[in-house]
Every structure is written in C-alpha cells, then in structure tokens.
Amino acid sequence: MKELINIVEHFKGLADPRIECGKKHLLSEIIFIAIASIISGADDWNEIELFGKMHIEWFKKFIELK
C-alpha cells in the first residue's frame, strides 16, 4: 500500500517565483489552501481567499500560517 502524501511536504521544494518582500505565506501553504478550496467548489482566486479566511482555524491544524 502506498503512503499518504502530505500535500504541504510534497510542494515544499517547488521554486517560488514571487519576490521576497511580497511573501506573507509559504507557497506550499498557499497551494494546500488552493487545492482544498477547489475541491470544495471554489472557482477563482477570490473564492479561494474567502474559503481560506472562512476556514482558517481548520487550516491551522495542518499548516503554520504565520
């Protein structure tokens, strides 16, 4: 049986193209929130942001969100 892959860990090594001063969150955490949001029906970045804000306490169980 294959191991369950941790989404955040899986994307940690991904190169982050953003400029350093504009980073508030880790790219791997943003990807995790985006995937969870899309699975839940989000269709664009505004809906992904809203979903993330509405479920922030749940997300904090899995990611740091500095």
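Residues are numbered from 1 along each chain as its sequence is written. Because the model is predicted, local features need pLDDT of at least 70 and side-chain atom pairs count only at pLDDT 80 or more, while totals for chains, interfaces and linings use all residues; side-chain values use heavy atoms, with hydrogens and water left out.

**The core**

Begin by selecting Val-8, Phe-32, Ile-33, Ala-34, Ala-36, Ala-42, Ile-48, Phe-51, Phe-59, Ile-63 and Leu-65, the 11 residues of the largest nonpolar core (a set of buried Ala, Val, Leu, Ile, Met, Phe, Trp, Tyr and Cys residues joined through side-chain atoms within 4.5 Å). Helix H2 (27-39) and helix H3 (45-54) are the elements that give two or more residues to this core, and H2 provides the largest share, 4 residues; helices here are DSSP runs of H or I, at least four residues, numbered from the N terminus.

Now centre on Val-8, which, leaving aside residues up to four places away in sequence, touches Ser-28, Phe-32 and Ile-63, a contact being heavy atoms within 4.5 Å.

**The aromatic rings**

Rings of Phe, Tyr and Trp (its six-membered ring) pair if their centres lie within 6.5 Å, and planes under 30 degrees apart count as stacked, over 60 as edge-to-face and the rest as tilted. The whole structure holds 6 aromatic pairs, among them the stacked pair of Phe-32 and Trp-58, at 6.3 Å centre to centre with 15° between the planes. This pair links helix H2 to helix H4 (residues 56-59), across 26 residues. Phe-32 counts as buried at 11% relative accessibility, whereas Trp-58, at 39%, is partly exposed (buried is under 20% relative accessible area, exposed over 50%, partly exposed in between, with a 1.4 Å probe and protein chains only). The Phe-51 and Phe-59 rings have centres 6.0 Å apart and planes at 75°, so that pair is edge-to-face.

**The pockets**

A pocket is an open set of points on a 1 Å grid over the protein atoms alone, where a 1.4 Å probe fits, with protein on both sides within 12 Å along at least five of seven lines; lining residues have an atom within 4 Å of a point. Of the 14 residues lining the largest pocket, select His-25, Ile-33, Ile-48, Glu-49 and Gly-52, which lie nearest its centre. H3 supplies the largest share of that lining, 6 residues.

Finish at the second largest pocket, whose lining includes Val-8, Phe-32 and Trp-58, and to which helix H1 (7-11) gives the most, with 3 residues.
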